[in-house]
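Please read the points below alongside the coordinates. They cover ring contacts, the sheet and the pockets.

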Amino acid sequence: LDDYVGRMDDKQPGIYYITGESKRSVETSPFLEKLKKKGYEVLYMIDPIDEYAVQQLKEFEGKKLLSATKEGLELAEDDDEKKAFEEAKAKTEGLCKLMKEVLDDKVEKVVVSNRLADSPCCLVTGEYGWSANMERIMKAQALRDASQSAYMSSKKTMEINPTNSIIAALREKADADQSDKTVKDLIWLLYDTSLLTSGFSLDEPATFSSRIHRLVKL
């Protein structure tokens with residue numbers, strides 16, 4: 001951490017880190033896209049004990065530890081970036097609302113993301129709940145407390161990337177006809193693939209498969 005702070009840019013909001021199962025799974029994570037583009041260094045935390053450590057260690061030498069997988073990620077942005085983001089956000093509000101209606105209680109909310117550069121979407125967890133990796137660790141515990149799991153597996157927030165071509169195409173389809181079955185299938189498919197890329201496990205693999213088969217038939 002000493003070395004990290006020594007290399008930090010003055011404008012960087014804090015120490016970025018990501019937790020995960022392996023180095024390979026975290027280095028290709030969609031959560032790192034914008035951070036890599038901005039040239040920020042990210043700590044890879046891939047030991048189960050790291051999850052417990054970062055819950056206690058909130059800052060180091062006055063610098064906050066910021067999880068790349070949780071909501072409220074702070075990124076230093078200039079005025080042009082902020083303006084472009086606000087414009088894209090305004091365009092995509094209607095789609096966010098539709099996606100929340102379709103996904104219902106699977107996600108707490110659907111918002112426009114500033115952390116994605118290439119991927120269409122990702123699922124982030126609440127600031128104080130478990131991360132996807134912590135959820136995986138806890139599910140593997142033989143003597144886990146089910147009531148604690150239900151409380152701590154925080155509601156997921158779906159973040160969508162307004163500049164992604166898939167999201168743009170979905171927005172056009174939804175504007176043309178909101179009740180289109182294909183639109184709903186695509187929204188569910190984006191949710192399922194986000195579960196996988198964000199480190200969660202699929203709730204219903206069979207439903208996921210049948211959705212893909214339906215779209216392949218198209």
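**Notes on the model**

1. Y191 is buried, with a relative accessible area of 2% (buried means under 20% relative accessible area, with a 1.4 Å probe and protein chains only). The model is predicted: local features need pLDDT of at least 70, side-chain atom pairs count only at pLDDT 80 or more, and totals for chains, interfaces and linings use all residues. Residues are numbered from 1 along each chain as its sequence is written, and side-chain values use heavy atoms, with hydrogens and water left out.

2. A search of the whole structure gives 2 aromatic pairs (ring centres of Phe, Tyr or Trp, the latter by its six-membered ring, within 6.5 Å; planes under 30 degrees apart are stacked, over 60 edge-to-face, the rest tilted). The ring centres of Y16 and Y40 are 5.3 Å apart with planes at 25°, so this pair is stacked. Y16 belongs to strand 1 (residues 15–19) and Y40 to the loop between helix 3 (33–37) and strand 2 (42–45), so the pair ties together parts 24 residues apart in sequence. Helices (H or I, at least four residues) and strands (E, at least two) are DSSP runs, numbered from the N terminus. Y16 and Y40 are both buried.

3. W188 and Y191 make an edge-to-face pair, at 5.8 Å centre to centre and 90° between the planes. W188 and Y191 are 3 residues apart in helix 9 (residues 181–197), a separation of about one helical turn.

4. An open sheet of 4 strands has the order 2-1-4-3 and mixed pairing (two strands pair if DSSP finds at least two bridges between them). Strand 2 and strand 3 (59–60) are the edge strands, each pairing on one side only. Strand 1 and strand 4 (residues 63–67) run parallel and are joined by 3 bridges. Y16 stands opposite L66 in strand 4.

5. Which residues lie nearest the centre of the largest pocket? They are Y17, K58, L65, K70 and E127, out of 24 lining residues. A pocket is an open set of 1 Å grid points, over the protein atoms alone, where a 1.4 Å probe fits, with protein on both sides within 12 Å along at least five of seven lines; lining residues have an atom within 4 Å of a point. Strand 1, helix 4 (48–56) and strand 4 each give two or more residues to this lining, and strand 4 gives the most, with 4 residues.

Technical notes
Buried means under 20% relative accessible area, exposed over 50%, partly exposed in between (1.4 Å probe, protein chains only).
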